[in-house]
Amino acid sequence: MIAKFFGPVDFYGRPRPVVALHCYIIQAGAFGLAAYLFMSWDFSGLAYMPPEAFGREARPLLFSYWKTPWLYWTSFQFIYELIPRPSVAVLHAFQMTTIGALLCGLLGIFPRLAAWVALLLGAHLIGWFLLGSDTMDASATVMLFMLFVVALFPNEAYYRIGKPANPLTLSTTFHGPVFVLLFFMDAYYFYSGLNKVIDIGALWVIDSRLDLFSIAAIEKSLFVSTWSTSLWFSSFLSFKALGDIAAFLVFALELAAPIALFFPRLSPAFLMFFASMHLSIYLSHSYGYWTNTGADFMLLPYTAIVLSIGRAWRRRRSETVAQQPAE
Amino acid sequence: METSTSGRRRQERISNGLFGYLGFVVAVALLLPVLSRLKPIRIDWLSDTGRIFLPWAIGLALVFVFFRRYIRRCCTGVAGWLSEAPSDRNRWVVVGVCLLIFTSYSWQLHIGIAHRGVPGWIYAGLPDIIKPDAPESLSMPPDVEPAVFASALQPAVLPFIHRSGYATSEVMFLHFKDGSIRPGNNELAMVSWPKATFGVENGQVAHEKEFFEIIRHNFVNRRAGGFMIPNRVAYPSHLNYQRIDYTSYPPASELVSVSLWSMTVRVDHKSKQMNVVGAAKIAQVNG
């Protein structure tokens with residue numbers, strides 16, 4: 001019965017044939033979503049931030065052990081200890097170059113080079129934003145990781161201008177990027193569940209009190225200076241029972257996220273739950289985790305979908321041929 | 001024969017390397033919270049928050065010790081897969097990225113492309129926004145019209161309010177050459193905690209010039225309706241302040257100062273009305 005519901009155990013890390021289309025979807029999705037973000041936010045104003053903003057101690061829960069987040073080193077913020085901080089025009093040029101690289105990658109023009117350029121410059125700008133604004137944006141992290149995966153794609157996995165695309169080619173070579181992205185997203189959700197246990201304890205569900213958050217979010221909205229929320233969604237979540245159910249579902253499914261790596265049949269259900277979780281976070285907290293939602297959609301089982309469409313098409317074709325009258 | 005022997009040796013070396021690396025990660029993961037807890041030795045680059053991770057690190061170490069045979073078997077399997085085609089870069093990429101993700105969490109590293117995940121936020125004990133009693137010493141400034149303060153309120157929220165009382169919040173106002181004073185918010189300053197970034201204390205902003213310039217810079221985009229993509233369809237900012245329509249405001253060149261206030265309103269949920277009953281200036285920055 002359980003096996004019938006969950007399907008067979010089949011670790012997704014085991015190499016298997018994947019259609020090239022899946023890598024094309026990841027390439028287009030990663031470049032497209034990153035371009036969307038970089039064309040929406042203006043990073044150049046960060047040049048006005050006081051230098052002290054980038055050297056202060058990080059907020060504890062965001063970076064835990066480290067007084068200086070490692071982002072300071074890995075996004076090359078430390079170079080401004082050696083050279084003057086850039087002007088608004090220089091940051092603007094960085095951003096425009098990033099956007100240019102992302103659009104090149106989206107169109108299939110030197111996609112590997114485009115991914116590396118966008119990753120290095122984009123990470124630098126995101127580093128400015130996170131350190132200067134003293135915040136931690138999970139959607140930017142997922143976006144940068146997607147670019148990292150695309151930068152490391154096997155050569156055959158890219159669609160490129162001037163190269164004939166073969167989206168239906170099946171090969172184990174295309175499995176690596178898909179597995180790595182699925183592993184990353186599962187780890188991200190699992191760690192978020194684990195953090196709830198580590199930071200608060202196993203009774204996080206009881207202490208989460210999404211209903212109190214929702215009531216506060218509505219009441220704060222009386223002033224235009226505060227955080228944004230969807231009033232109807234927050235009033236929906238302000239019922240304690242509904243808030244508790246939502247918290248329980250998030251907690252349980254985050255901790256169970258690694259299951260998606262072992263039960264391919266369950267994986268789409270997990271991914272769609274998390275995609276809807278991001279939507280509900282947008283409605284309640286106004287955080288747009290669209291890169292995370294995009295990653296969830298990029299990980300749907302496209303190979304199985306393509307193969308089943310192919311099978312159905314062949315079956316229909318053979319039926320049509322069989323029904324044709326003999327001449 | 002020689003090839004298969006060298007292949008086996010390579011596999012063994014990779015397997016030992018993987019197992020050794022995992023052991024190293026677990027050992028450092030255990031060491032970090034222990035170091036955070038050692039009071040006599042203060043380590044400048046470690047924060048006190050790391051202390052709470054000791055149970056987790058011990059759990060990780062115990063898993064490694066109790067399941068070492070299984071972990072060793074996995075390492076051998078992965079090493080075998082890598083050894084099948086040693087020149088296949090893609091296999092090394094897959095294994096390397098998986099190790100990177102494991103390491104970044106175990107050591108709680110935010111490296112830009114990976115971090116520890118969302119912290120365990122809770123809202124139990126969240127103070128009420130609308131309180132039954134009025135704050136002490138409420139007053140209104142004589143030189144500012146009450147309507148100015150009312151413009152920083154959203155009456156459309158009132159149907160969703162289910163209690164009466166007093167609510168207080170910090171609000172920002174933009175002052176223009178024509179004498180008009182209009183509401184803004186800290187999205188323009190690109191900060192979640194302006195006090196931490198710009199040093200607002202005792203009526204003074206430590207970095208006045210920077211604070212004013214960053215607000216003016218972002219106001220230009222906001223007033224124009226967006227950066228490269230219109231605000232209404234743009235990727236939502238992580239600094240998720242309420243969207244204010246700045247399009248009818250005077251141009252940025254006419255911005256002369258920015259003021260921060262603590263403002264209190266009285267809300268009556270039955271009549272669905274609210275009135276500003278107090279406003280105290282926190283700081284003002286002139287351009």
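## How to read the model

Because this is a predicted model, local features need pLDDT of at least 70 and side-chain atom pairs count only at pLDDT 80 or more, while totals for chains, interfaces and linings use all residues. Residues are numbered from 1 along each chain as its sequence is written, and chains are lettered from A and ligands numbered from 1 in the order in which they are written.

## Chain A overall

Let's start with the secondary structure of chain A, which comes to 16 helices and two strands. Both kinds of element are DSSP runs numbered from the N terminus: H or I over at least four residues for helices, E over at least two for strands. Along its principal axes, the C-alpha trace of chain A spans about 85 × 55 × 35 Å.

Of the 327 residues in chain A, 51% are buried. Here a residue is buried if 20 or more other C-beta atoms, placed from the backbone, lie within 10 Å of its own, exposed if 12 or fewer, and partly exposed in between. Among contacts in chain A between residues at least 6 apart in sequence, 77% join residues at least 24 apart; two residues are in contact if their C-beta atoms, placed from the backbone, lie within 7 Å.

Helix α2 (residues 20-40) of chain A packs with helix α15 (residues 290-298) of chain A at an angle of about 170°, their axes 10 Å apart. That angle makes α2(A) roughly antiparallel to α15(A). Angles under 35 degrees count as roughly parallel, over 145 as roughly antiparallel, 65 to 115 as roughly perpendicular and the rest as oblique. On the α2(A) side, the contact is made by I25(A), I26(A), G29(A), L33(A) and L37(A), and on the α15(A) side by W290(A), T291(A), G294(A) and M298(A). By class, this contact has six nonpolar, three polar and no charged residues. Ala, Val, Leu, Ile, Met, Phe, Trp, Tyr, Cys and Pro count as nonpolar, Asp, Glu, Lys and Arg as charged, and the others, Gly among them, as polar.

Helix α6 (residues 111-133) of chain A has 23 residues, and 19 of them are buried. Just after α6(A), D134(A) takes a positive phi of about 55°. R209(A) also has a positive phi, of about 45°, although it is not a glycine. R209(A) is found in the loop between α9 (204-208) and α10 (210-220) of chain A, and counts as buried because it has 20 C-beta neighbours inside 10 Å.

## Where the chains meet

The contact takes 85 residues from chain A and 80 residues from chain B. On the chain A side, the largest share, 13 residues, comes from helix α8 (residues 175-199). That side divides into 51 nonpolar, 24 polar and 10 charged residues.

## Chain B

An automatic or database domain assignment gives chain B domain 1 (2-106) and domain 2 (130-286). The C-alpha centres of these domains lie 50 Å apart.

W261(B) sits in strand β6 of chain B and counts as buried, with 22 C-beta neighbours inside 10 Å. Leaving aside neighbours within four places in sequence, W261(B) is in contact with E170(B), V171(B), F173(B), A279(B), A280(B), K281(B) and I282(B). K272(B), in the loop between β6 (255-268) and β7 (273-286) of chain B, has a positive phi of about 55° although it is not a glycine. K272(B) counts as exposed, with 12 C-beta neighbours inside 10 Å.

Note on methods: Axes fitted to C-alpha atoms, helices over the stretch in contact; angles between N-to-C directions.
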